[in-house]
Structure formats: C-alpha cells, structure tokens
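Subject: Structure handover

Hello,

Here is the structure you asked about, followed by notes on what was found in it. Please read the notes with the model open beside you.

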Amino acid sequence: MTKFGRSMLVLLALASPAMADNIRDLQTEAIESKSAPWGFWGPDATNYMGWGSHSNRLIPVYTFGTAKAGQGINLKSYQGKNSPFASEEKLKGLFDHVPNGTLNPEAPYFDQTNIFDIQKAALAAGKKHIILVVFDGMDWTTTWNAATYKNNAVAYKTGRGTGLHMQDYTAKGTTEFGWMVTTPWCDDADLDINKQKVLKVDTSMRGGYAYEVAGIYPWSVSTDLPYLIGKSALPGLKQAYTDSASSASSMTAGIKTYNASINVGVHGSQADAIAHLAQRQGYKVGVVTSVPISHATPGAAYAHNVHRDDYQDITRDLLGLPSSSHPENPLPGVDLLIGCGHGVSRPKDAKQGENFVPGNAYLTDEDLQKSDVRNGGRYVIAQRSEGVVGAEEMQSKAQDAAATGKRFFGYYGVSNGHLPFRTADGKFDPAIGRNKKAEKYTEADVKENPTLAQMADVALNYLNTDNGPFWLMVEAGDVDWANHDNNIDNSIGAVISGDNAVKAVTDWVEKHSNWDETVMIVTADHGHYLHMVDPQVLIRKPTEKSAAE
C-alpha cells in the first residue's frame, strides 16, 4: 500500500463521529441518562453504570487443534465426570477445601487451571506450536454483542455462536468449545513488595462457584445477581471473583492464588509458567499485548511477582534482567516481546516499591539501554517514533533481529499506555464511558502504532525463523479497559480487533503449519457484568455500514 493510501485509511478511521453511528449514540445516551432500556452493568437494572469491575461468570473457551489430539489436550479430558468441580479431592487440591455450593458431579465446565494443563499436555505431546490468545475481560455476553453487531442480526442466543472468526473457524475439524470457572483461591493478601514476600492471605473472602445460583452455562442468568460480584446475602455464598493477575497465573502456571499475584502461590512459592517449561525444552517464547507490557496478563506469561503493580520489575523478568523477585539469578527472558507502555511517565509510584525509578512507568531508561543490542544487550528494539509507520518499522526490525540471531522487543502505545481503541464501526473515536470522558487520537497515534493483528503476525514469523518450536501468548487487553469503562462501543471494537488477531494466527497456521502440530486456545481471563436485555439495538440501520463493508 502507498503512503497516500495509508493516510487515507487513517483519515477515514478518524472520520467525524457526526456520521451515522448507532452504537456510539447508544453508548453516549446511556452514560448521559445513566440508564438504558437495552442493558445494564451490574445487578441493578435501573442503573446502566451500576458495576465497573469483574464478575464470577463462566468464561467461553475456543480451542483449535485439540479435538483429535487425545487425552489431556482435548476438552473432554476436563468436562463432566473429569471436571475438577465433580470431585471433592480435586476441589481440595485447588482450594484446600470444598467451597460452598461448588461440588457438581455433572459439571459441564472445567477450571481455569486446566488451560495450563492443556498447554502442558501439548508440550508433552511434542506439539510444535502452542498459542494462547487471551481476550482480557471477555465473557459470553461481550462476545455475543460483537457477533450480533457483525452479523447485523441476533443469530443465536446460546452456545458457541457465529459471526466472529473464532466462532466460525473449524481448524480442519479440530476445534472445540467449552467454558470454565475463573474464581481465585482468595481475594486479598498482605504483601511486602520490597522483599517479595506473602505475609498473610486474607481468608475472609474465598473463591468458589455455587452453580445452582450462578448457572452452569456462560449464558445463564444468575438467580441472585449480586452473587457473581461477591455481594450475595445468601448464607455462606460471598465468594470472590478474580482479577487479571490471579486468573492469568491460573492459565499460565496452573495455580489458584490470591488476587494480584503474578505466578506466586498463596504460600509465597514461585510457580513455573508454561513458558518456562517450554523454554527449557528448546522452544522460543513470545508475548504480545495491546496494553502495557508488564500488565497482569503479559506479566503472568513469564514473570514472578507478589503484586501485579510492580511493573518495572515485571518487565525486568520479561527481558531477562535482575529484578526484585530474581535479584541474583535473572530469568532467561522471552525471545520476543511486543506491547505498549511507551510514553507513560510517572515521577513516583509507591505501589512499585523502593526501587521504582522515575520516568516510564513500565520500563526504565537504564533497562531499555541494557537490553538494546547496540549496547551489548540481546534485543533489537523498535519503538514508536514520530513520523514512522509503526507496522512497517516493527516488521523491518523484527526481520533484522531474526537475520542476526537476536531477540526482538517492540514498544508502542498512546499516552495512556495502550494501542488506540477501535470502536464498533472500525474507527478510532471512542464514545464517553463511566468517567464521562473519551480518549481522542491524532492521525499520528494511529499511524505510528501497529494493530494487534500486525503484532501477532510479526511475532509468528519471528518465532518461526529457524522452523523450531515456539510458545506464544497474544492478549487483546483493550476489551477489559472498555468493559471497566461500561463502554459497549469500545467493547465491540476491541473484540473485533482481537478477532482480527485470531484470524492472523489461523491464516499463519494455514500457510506455514497445520493443526496436527499446532494447538491454539482462545479464551478470556474473566468476565464483567453487562446484562444485554435487548440485543436488537445493535443491529445497524440501513444507512450504516461496518468497517468490513
């Protein structure tokens, strides 16, 4: 594409919101009036903005390359009588006790730690490519909204669904669909960030999943709406919902732990992540995210830390530098890291402990310089740069890194630390959310940053340089940011953006590999709490067109 063509696309993406945009109008009106007849966030149907955090909803899981892969890799290994929720012994192994209402002998769902088990089984089976795609904060309702918008119809009301690539792609008949519980071991813990110690876990709010109240499907409606956000008045049923750190640690390291933990157990031990196990077997490992590189999900792909907010130290683990959790013997570091956080500066941050360095919140200048191959480091580095097309620079430098046998690090983002938020119609013009504000982007913000799909494609090509095995995590982190903001326009756009990244992966597998040697899991770390009463409102008017059209 010519530079003129790219400029036109950017201008179209930033086109005036005055053009017909039904989803933007729905979102704006709901925020301004504080209510919407078509839906609400939280337990109160009269309050559109009644809840801005996570929930204990069951989460959809789409897998590819698993259906014919055998015991341990296919989802049947963890469903029904094989579910950890069907066994007192297995529940005690997860929680140290059997939480109230949680034992279900016929559980059709499994646990989030089983995502780790699938990856570990794939590794043991010698699968060449193991790929985990995490849509942060995407529950079934979030997916349903995006699919309804893309279908321009309410095409389903239960099940796997249709309309998104991850729903429709069959992977040569190897795809499966299931759902999982995400509740943590407990909600909170007393910690010492500087000494990296778990001092005491708070057992006043333990995890659990009371299925008779919550429902057995991800599309179920709870009989006690406050239950799924830890506020039930029912005896013994105040059970914790997870944060992104605990849930990511479950998927990458196979542990139930306290909220805020990055691969550290409730007794303070550091757990091996699947990336560590793969790396020891000669796999290259990569991490890609649309949000800051050391946020909870990308951090848990590789790092250890007692608290998710110790960003600079988590980045040090990712880059193989001495950190507060590995001061003497640093982790080896990932082979590829592409994400955001560029341009976010803080003069102080008490949450990061005594060794916080003023400046970039996620990556100190000293650590950046140490990592740079030009200074004797191990990474060829691409950063957002003024006037430079981000996708082209990223691809070029990743190719340089591959050709010279070096690692690759790409660092991007807008002023808030993430890629520009795509809205439902494919533009980059977010509507207002629960804080009554909307992010605004310049043409440079769009031009100088790659998309998540472009990041994923570059990662796959780099990791496959020598045709060896690799493990890769890709995170669509902006879904969570949108749902925290009670922003259905941003939420739909984020799911579509992440789905484009899933398609980039499947296209790559079709061209360079196959589903006999590749396993991919597409899921989310947790849900939010939007109740969609009337999905018909998401159907576009005859005068509107989606970006795909």
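Lys172 sits in the loop between helix H6 (165-168) and strand S5 (176-181). The model is a predicted one, and in it the phi of Lys172 is near 60°, a positive value in a residue other than glycine. Most residues other than glycine have a negative phi. The relative accessible area of Lys172 is 60%, so Lys172 counts as exposed.

Asn486 is another residue to look at for its backbone. Its phi is positive, about 50°, although Asn486 is not a glycine. Asn486 is placed in the loop between helix H16 (478-484) and helix H17 (488-512). Is Asn486 buried or exposed? Its relative accessibility is 0%, so Asn486 counts as buried.

Overall fold

The chain has 17 helices and 16 strands. Its C-alpha trace spans about 60 × 60 × 50 Å along the principal axes. For 549 residues, a compact globule would have a radius of gyration near 24 Å, and the 22 Å of this chain agrees with that. Of the 549 residues, 63% are buried.

Salt bridges

The structure contains 18 salt bridges. Three of them are described here.

One of the salt bridges joins Asp111 and Lys256, with 2.9 Å between the closest N and O atoms. This pair links distant parts of the chain, 145 residues apart. Asp111 belongs to strand S3 (residues 110-111), while Lys256 is in the loop between helix H8 (244-253) and helix H9 (274-280). Both Asp111 and Lys256 are buried.

Asp243 and Arg308 form another salt bridge, and here the closest N and O atoms are 3.1 Å apart. Asp243 lies in the loop between helix H7 (211-214) and H8, and Arg308 lies in the loop between helix H10 (296-300) and helix H11 (311-318), so the pair ties together parts that are 65 residues apart in sequence. Asp243 counts as buried because its relative accessibility is 10%, and the cut-off for buried is under 20%.

Asp313 and Arg316 also form a salt bridge, with the closest N and O atoms 2.8 Å apart. Why are Asp313 and Arg316 separated by about one helical turn? Because they are 3 residues apart in helix H11. Asp313 is buried, as is Arg316. Asp313 and Arg316 are linked with Asp367 in a network of salt bridges.

Negative surface patch

Which residues form the negative surface patch? They are Asp187, Asp188, Asp190 and Asp202. Strand S6 (residues 186-192) supplies the largest share of the patch, 3 residues. Asp202 is located in strand S7 (residues 197-206). With a relative accessibility of 34%, Asp202 counts as partly exposed.

Distances between selected residues

- Glu88 and Asn104 are 16 residues apart in sequence, and their C-alpha atoms are 9.3 Å apart in space. Glu88 is in helix H3 (residues 88-95). Glu88 has a relative accessible area of 44%, so Glu88 is partly exposed.
- Asp117 and Tyr227 are 110 residues apart along the chain, with 28 Å between their C-alpha atoms. Asp117 is part of helix H4 (residues 113-124). At 28% relative accessibility, Asp117 counts as partly exposed.
- Tyr149 and Glu392 are 243 residues apart along the chain, and their C-alpha atoms are separated by 31 Å. Tyr149 is in helix H5 (residues 140-151). The relative accessible area of Tyr149 is 3%, so Tyr149 is buried.

Regards

Notes
Residues numbered from 1 in each chain as written. Predicted model: local features only at pLDDT ≥ 70, side-chain atom pairs only at ≥ 80, totals over all residues. Heavy atoms only, no water. Patch = residues over 30% accessible without salt bridge, like charges linked within 9 Å, V, L, I, M, F, W, Y side chains within 5 Å. Areas by Shrake-Rupley, 256 points an atom, 1.4 Å probe, with all protein chains shown as cover. Salt bridge = Lys/Arg side-chain N within 4 Å of Asp/Glu carboxyl O. Lys, Arg positive; Asp, Glu negative; His and termini not counted. Charge placed at Lys NZ, Arg CZ, Asp CG, Glu CD. Helix = DSSP H or I, 4+ residues; strand = E, 2+ residues; numbered from the N terminus. Buried < 20%, exposed > 50% of the residue type's maximum accessible area, 1.4 Å probe, protein only. Rg over C-alpha atoms; globule rule 2.2 N^0.38 Å.
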